[in-house]
Amino acid sequence: MATANSNQRQRQSAAVAKRKPVFVKVDHLKPGTQNHNLIVKVLSFNAVLEKGPRPAAAAAASQRPQKTRIAECLVGDETGTILLKARNEQVDLVKPNTTIIIRNAKIDMFKGSMRLAVDKWGRIEATEPANFTVEEDNNLSLVEYELVTVAADE
């Protein structure tokens with residue numbers, strides 16, 4: 001009986017074995033893609049929105065009301081730069097001249113240009129300063145994309 005339980009636990013732990021993350025460079029990012037892991041430096045920070053909850057919503061909530069904070073940060077590595085949209089607690093991690101690890105990020109489109117975003121399934125964490133120089137001349141957020149629909153051949 002004990003060996004059957006230990007064999008079952010070994011199979012469960014083998015099934016949950018985690019893969020090592022594959023890190024990509026900024027110049028490999030494309031519109032509509034997701035599950036990106038990057039190591040980037042934060043070059044600039046711009047607070048876009050900071051507002052508290054509406055009074056009616058705050059009264060209805062049983063917990064302490066949260067402020068909504070959104071910031072756009074220019075981040076990059078040795079291949080290029082892109083704008084990162086940071087939300088709420090992520091805003092505290094993305095200060096200029098810091099190096100961050102971004103896990104499970106996706107590319108959102110905003111007015112035809114790419115933005116890097118980390119939703120609830122992703123993570124941003126501070127790390128030790130990286131030893132690369134950021135390529136600031138290749139800003140992927142300045143490239144405008146247009147959605148083109150192609151008629152199917154009949």
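Trainee: How many salt bridges does the structure hold?

Mentor: Side chains of opposite charge can pair when their charged atoms come close. The cut-off here: a side-chain nitrogen of Lys or Arg within 4 Å of a carboxyl oxygen of Asp or Glu. The structure holds seven salt bridges. This is a predicted model, where local features need pLDDT of at least 70, side-chain atom pairs count only at pLDDT 80 or more, and totals for chains, interfaces and linings use all residues. Side-chain values use heavy atoms, without hydrogens and water, and residues are numbered from 1 along each chain as its sequence is written.

Trainee: Which residue meets Arg-115 in a salt bridge?

Mentor: Glu-72, at 3.3 Å from N to O. The pair links distant parts of the chain, 43 residues apart: Arg-115 lies in strand E5 (residues 113-117), Glu-72 in strand E2. Helices (H or I, at least four residues) and strands (E, at least two) are DSSP runs, numbered from the N terminus.

Trainee: Is Arg-115 buried or exposed?

Mentor: Buried means under 20% relative accessible area, exposed over 50%, partly exposed in between (1.4 Å probe, protein chains only). Arg-115 counts as buried because its relative accessible area is 12%. Glu-72 has 22%, so it is partly exposed.

Trainee: Which residues line the largest pocket?

Mentor: Rolling a probe the size of a water molecule over the atoms shows where empty space is left. On a 1 Å grid over the protein atoms alone, a pocket is an open set of points where a 1.4 Å probe fits, with protein on both sides within 12 Å along at least five of seven lines; lining residues have an atom within 4 Å of a point. Here the lining is Arg-19, Lys-20, Pro-21, Val-22, Asn-35, His-36, Asn-37, Arg-103 and Asn-104. Strands E1 (36-51) and E4 each supply at least two of the lining residues. About 250 Å³ of space lies in this pocket. That volume is the space filled by probe spheres set on the grid points, which are joined across faces, edges and corners.

Trainee: What is Thr-68 in contact with, leaving aside its neighbours within four places in sequence?

Mentor: Contact means heavy atoms within 4.5 Å. With those neighbours set aside, Thr-68 touches Leu-49, Glu-50, Lys-51 and Asn-88. Thr-68 and Asn-88 are 20 residues apart along the chain, with C-alpha atoms separated by 5.9 Å. Thr-68 sits in strand E2 (residues 68-77). Its relative accessible area is 27%, so Thr-68 is partly exposed.

Trainee: How do I read the whole chain?

Mentor: Start with the elements: two helices and six strands. From the N terminus they run α-β-α-β-β-β-β-β. Next, contacts between residues at least 6 apart in sequence: 65% of them join residues at least 24 apart. Then burial: of the 154 residues, 29% count as buried.
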